[in-house]
Amino acid sequence: MSEVAARSPMGNRFRNPWRKPRILESFIWLYLAWSILPVAIAVLFSFNAGRSRSTWQGFSLRWYFKDPVLSVWHDPNLHTALFQTLRLAALTTIIAVPLGVAFAIGIDRWRGRIAATFNFQMLLSFVMPELIIGVTLLFVFANLLSFVHLGTKAQFLGLVTFQVSYPVIIVRARMLSIGKEYEEAAMDLGASPVQALRRVLLPLLYPAIFASAVLVFADVIDDFVIVRYLSSDASTEPMAVKIFNSARASPTPALNALATIMLTTSLLLIVLGYVGYRFSTRGERRGAGPGFGDFAAEL
Amino acid sequence: MLRTARRRRAKDGGVWYPRWFWPSFAAPGAVWLLVLFAVPFYVVLSVAFGTVDPIFRNPVPVWNPIQWYPGTFRDVLGQIFGTNAFLGPPFLRTFLYVAMASAICLLIAYPVAYYVARYAGRRRGMLLVLLIAPFWISYMMRMLAWVNLLGNDGLVNRSLTSLHLVGHPVAWLSGRPITVVLGLVYGYIPYMILPLFAGLDRIDTNLLEAARDLGANRARTFARVTLPLSKQAILAGMVIVALPMFGDYFTNDLLSGSPKTSMIGNLIDDSVGTPGQGTNAAVLVLILTVILIIPMLYYVSSTGRATRERSG
């Protein structure tokens with residue numbers, strides 16, 4: 001030990017292997033400040049009484065609903081956008097999650113080259129930049145599937161295409177960590193493969209299904225590229241597109257208010273998701289049980 | 001008993017269920033992606049090698065590959081590589097910006113992920129929550145926050161002028177490469193922290209202790225053990241941030257909006273919206289796909305390998 005210490009070129013203070021990494025620690029706090037403060041400031045100014053987004057003029061809820069013309073609630077543009085976002089998020093989640101879960105289960109049991117090709121196709125859709133998917137779909141709806149008109153329908157089809165890989169990846173990861181033992185035990189005890197699937201595997205998959213539903217919903221709220229290309233006019237533009245359109249054109253704090261509502265929706269969702277996750281993993285708790293970190297890891 | 005069970009299992013899908021039983025689970029998702037993900041690339045090919053309607057200026061796809069017209073493709077390639085290559089700079093710029101932004105992402109994300117994986121202790125859960133928070137905050141909102149801060153009368157300029165660091169407000173939002181690169185870093189860095197954290201967290205601490213026991217100091221342990229073991233995670237993280245950056249145009253539009261900083265994504269977005277330019281957009285999309293196919297295949301094969309390793 002002393003030999004090691006003597007060989008160390010550093011000073012005394014650095015010889016202690018258990019010393020706290022103070023530089024690293026301050027670095028991470030700086031990082032967190034950089035990553036969260038700008039957004040916190042934007043949220044703060046959504047409560048500004050004046051029109052400025054950089055000078056504080058007192059607290060008010062003017063931009064949420066008090067202002068009769070410009071507030072999120074009264075500006076028809078903004079509240080159409082809000083409902084379009086929520087509608088698309090709900091529709092996409094309802095279709096993409098079952099589609100993805102069934103795909104994950106099917107592809108897990110279906111061996112062979114065709115299955116591998118479809119799996120490859122799914123993984124490729126996961127890493128393909130959204131811009132490419134958005135533009136290709138725009139061409140498809142303009143030239144091939146021209147009976148699908150741009151607007152909610154096209155946006156929904158595009159979003160499911162882009163999102164379906166999330167539940168597949170999450171559910172397959174969970175299936176790998178569960179292993180085959182439980183299902184095999186059920187079948188040894190006389191269950192048919194379908195019974196084993198329904199009574200044993202599916203309940204074990206609930207946390208993953210839940211997590212992927214939360215993820216898909218939140219990701220659609222955040223989506224911008226696909227919904228913008230596939231929107232027909234202002235009435236089908238969701239919140240993210242409205243923010244993009246007016247961010248550089250002298251916006252009022254109503255835009256910040258809209259963004260804050262988006263943020264709150266996502267946060268509510270994640271709290272709900274966490275509660276649901278705790279509930280669906282209640283049988284697996286050891287000691288303190290799965291913490292938020294496990295929920296996050298599931299995502 | 002065991003033997004019958006095993007025989008039954010060996011048979012499932014054969015006797016108990018028809019052969020199409022399990023494939024039928026996967027079929028809806030597979031067909032969905034076939035129609036709306038795979039086939040669209042053929043449509044883009046047909047548009048890229050198609051013609052333009054002389055009156056309405058909209059692209060007319062040519063479905064038969066034998067009749068494909070390569071003119072537009074050749075023109076665009078000429079605009080990128082030729083003598084009068086006005087599309088060349090945006091292409092070069094894209095590579096430069098993405099390389100810079102992913103390098104900065106790595107320089108920031110690695111220490112952060114390293115700290116949380118090794119030293120966070122009891123605060124680990126809370127730190128993880130804070131680190132994934134940006135995932136739940138809309139990208140547009142995070143960019144809007146910076147548009148507010150960097151405006152001419154924004155907080156950044158006001159702090160700088162009141163500290164007398166600059167005489168008059170800096171126009172951060174009009175065509176400054178540094179704003180665009182830092183915007184990309186800010187937007188995509190959370191996607192890098194998570195794979196890095198997962199990779200660093202998997203490293204067996206016994207290996208690190210062994211290195212220390214054998215006389216390596218901290219720096220050496222890091223350089224000879226931790227860093228090599230996290231190589232996969234670094235590569236995966238780089239690819240996962242670089243891919244969306246290549247397809248990004250909105251960060252650029254919001255934080256610069258100037259042709260001086262435009263990237264491939266901007267070229268595509270601009271031509272999609274311009275009458276008569278649809279064919280060009282299709283060609284550019286094809287070129288971008290070809291550029292990105294190697295990193296995409298790398299990522300897909302590395303996740304496939306990781307899955308096989310985990311399943312044993």
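This note goes through a predicted model point by point.

1. Conventions. Residues are numbered from 1 along each chain as its sequence is written, and chains are lettered from A and ligands numbered from 1 in the order in which they are written. Because the model is predicted, local features need pLDDT of at least 70 and side-chain atom pairs count only at pLDDT 80 or more, while totals for chains, interfaces and linings use all residues.

2. Make-up of chain A. Chain A has 14 helices and zero strands. Helices (H or I, at least four residues) and strands (E, at least two) are DSSP runs, numbered from the N terminus. Of the 299 residues in chain A, 42% are buried. A residue is buried if 20 or more other C-beta atoms lie within 10 Å of its own, exposed if 12 or fewer, and partly exposed in between, with C-beta atoms placed from the backbone.

3. Contacts along chain A. Two residues are in contact if their C-beta atoms, placed from the backbone, lie within 7 Å. Taking contacts in chain A between residues at least 6 apart in sequence, 70% join residues at least 24 apart.

4. Domains of chain A. The domain assignment gives domain 1 (21-60) and domain 2 (66-298); such bounds come from an automatic or database domain assignment. The C-alpha centres of the two domains lie 29 Å apart. Their contact takes eight residues from domain 1 and eight residues from domain 2. On the domain 1 side, the residues divide into three nonpolar, three polar and two charged. Here Ala, Val, Leu, Ile, Met, Phe, Trp, Tyr, Cys and Pro count as nonpolar, Asp, Glu, Lys and Arg as charged, and the others, Gly among them, as polar.

5. The contact between the chains. Chain A gives 80 residues and chain B gives 80 residues. On the side of chain A, the largest share, 13 residues, comes from helix 2 (residues 22-45). That side divides into 58 nonpolar, 14 polar and eight charged residues.

6. The largest nonpolar core. A nonpolar core is a set of buried Ala, Val, Leu, Ile, Met, Phe, Trp, Tyr and Cys residues joined through C-beta atoms within 7 Å. The largest one has 164 residues, of which A:I243, B:M141 and B:L144 touch the most other members. Both domain 1 (21-60) and domain 2 (66-298) of chain A give residues to this core, so it lies between them. Leaving out residues up to four places away in sequence, B:L144 touches A:A42, A:I243, A:A247, A:L255 and A:A259.

7. Helix 6 of chain B. This helix (residues 139-150) has twelve residues and reaches 17 Å from its first C-alpha to its last, close to the 16 Å expected at 1.5 Å a residue. The expected span is 1.5 Å times one less than the number of residues. Twelve of its twelve residues are buried, so helix 6 of chain B is largely enclosed by the rest of the structure. Among them are B:R142 and B:N148.

8. A:Q84. This residue is found in helix 4 (residues 76-109) of chain A and is buried, with 22 other C-beta atoms within 10 Å. Not counting residues up to four places away in sequence, A:Q84 touches A:T236, A:E237 and A:P238. A:Q84 and A:P238 are 154 residues apart in sequence, yet 5.3 Å apart in space, C-alpha to C-alpha.

9. B:H164. Most residues other than glycine have a negative phi. B:H164 has a positive phi of about 60° although it is not a glycine. B:H164 lies in the loop between helix 7 (155-162) and helix 8 (177-202) of chain B, and counts as exposed because it has 7 C-beta neighbours inside 10 Å.
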